Amino acid sequence: MSETTATLMVDLIISLDGYASAEGWPGWWGLEGPEYLAWLEEEGKKDLTTLMGANTYRVMAGLSEQASGDDSGFSEEEGASLTGLAAMPKVIFSSTLKEPLAWPNSELIAGDAVEAVREMKQARTGTLSTLGSLSLCRSLLAAGLVDRYRLVVFPVITGKTGRERIYDGYPDVALDMVESRTFDGRLQLLEYVPRVIDAPLKRD
């Protein structure tokens, strides 16, 4: 990969049984800790462009605005993580949203997201990183555009209340681990190089 080519990373938080969220549970399933929040803050300082769809945009823009208020209800660390998103460059893929977007540093693309990201990888530097947006992540992975697939696994099983199953509709994917880390003694970061495969892997 040349120095002028951006890296595309799918970046997800997930319950142990594969859900992105759960009804009635707080954000981060209530399990975020100081190590994890400090890591999020450091990640936000990197050369990142965040990619998301319209639904994620609406949710996160609202949370970011709420966190900037005096009585937000968020802890200091949570508030810093959410308000920091406003300063990050963001690309929003939507055919329903209209410009100008209220959230600062947000660029709107109404066309095909996969083709737009394919062009962005060639034209930009640094890292393109998804935020939420499960259908966008799935489409980019199926198209073979994803260079890194990163999960933070939260130690909960939300079989009754879980919402947004992450892996439904995925192709088969082989994963080569490149990094792992534990935050606050309970959250597990797993980072892989993904490879979409047409048939099950054979034993060596």
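This is a predicted model: local features need pLDDT of at least 70, side-chain atom pairs count only at pLDDT 80 or more; totals for chains, interfaces and linings use all residues.
Residues are numbered from 1 along each chain as its sequence is written, and side-chain values use heavy atoms, with hydrogens and water left out.

Let's start with the whole chain. Its secondary structure comes to five helices and ten strands; here helices (H or I, at least four residues) and strands (E, at least two) are DSSP runs, numbered from the N terminus. Of the 204 residues, 46% are buried. Buried means under 20% relative accessible area, exposed means over 50%, and partly exposed is in between, using a 1.4 Å probe and protein chains only. The accessible surface of the chain comes to about 11,100 Å², and carbon and sulfur atoms own 50% of that; the areas come from the Shrake-Rupley method with a 1.4 Å probe, and for residues only the protein chains shown count as cover. Among contacts with a separation of 6 or more, 71% are between residues 24 or more positions apart, where contact means heavy atoms within 4.5 Å.

S1 is mostly covered, with seven of its nine residues buried. On one side of the pairing list is strand S6 (residues 127-130), which runs parallel to S1 and is joined to it by three bridges; Met9 stands opposite Ser129 there. Then there is strand S7 (residues 148-154), which pairs with S1 in the parallel sense over seven bridges, with Tyr149 as the bridge partner of Val10. Two strands pair if DSSP finds at least two bridges between them.

Leaving aside neighbours within four places in sequence, Asp11 is in contact with Ser129, Thr130, Gly132 and Arg150.

Now for helix H4 (residues 113-123). Its buried residues are Ala113, Val114, Ala116, Val117, Met120 and Lys121. Seen down the axis of H4, these fall within an arc of 160°, so they line one face of the helix; the arc is that of the directions from the helix axis to the C-beta atoms. Glu119, Gln122 and Ala123 are exposed on the other side of H4. The buried residues of H4 pack against several elements, including S1, S6 and helix H5 (134-142). At the start of H4, a side-chain oxygen of Asp112 reaches to within 3.2 Å of the backbone nitrogen of Val114.

Helix H1 (residues 34-43) has a similar story to tell. Tyr36, Leu37, Trp39 and Glu43 are buried in H1. They cover an arc of only 155° around the axis, which puts them on the same side of H1.

What about the core? The largest nonpolar core has 30 residues, and Leu12, Leu51 and Phe93 have the most contacts inside it. S1, S4, H4, H5, S7 and strand S10 (187-196) each supply at least two residues of this core. A second, separate core of 14 residues includes Met60, Ala86, Leu101 and Leu108. A nonpolar core is a set of buried Ala, Val, Leu, Ile, Met, Phe, Trp, Tyr and Cys residues joined through side-chain atoms within 4.5 Å. Leaving aside neighbours within four places in sequence, the contacts of Phe93 include Leu51, Ile109, Val117 and Leu136.

Most residues other than glycine have a negative phi, and most peptide bonds are trans. Trp28, in the loop between strand S2 (19-22) and H1, has a positive phi of about 60° although it is not a glycine. At 19% relative accessibility, Trp28 counts as buried. Ser133, in the loop between S6 and H5, also has a positive phi, near 55°, and is buried with a relative accessible area of 11%. Last up, a cis peptide bond joins Glu99 and Pro100, with omega about 0°, and Pro100 has its place in the loop between S4 and S5.

Definitions and conventions
A polar contact is a pair of N or O atoms within 3.5 Å; within protein, one must be able to donate a hydrogen and the other to accept it, and residues adjacent in sequence count only if both atoms are side-chain atoms.
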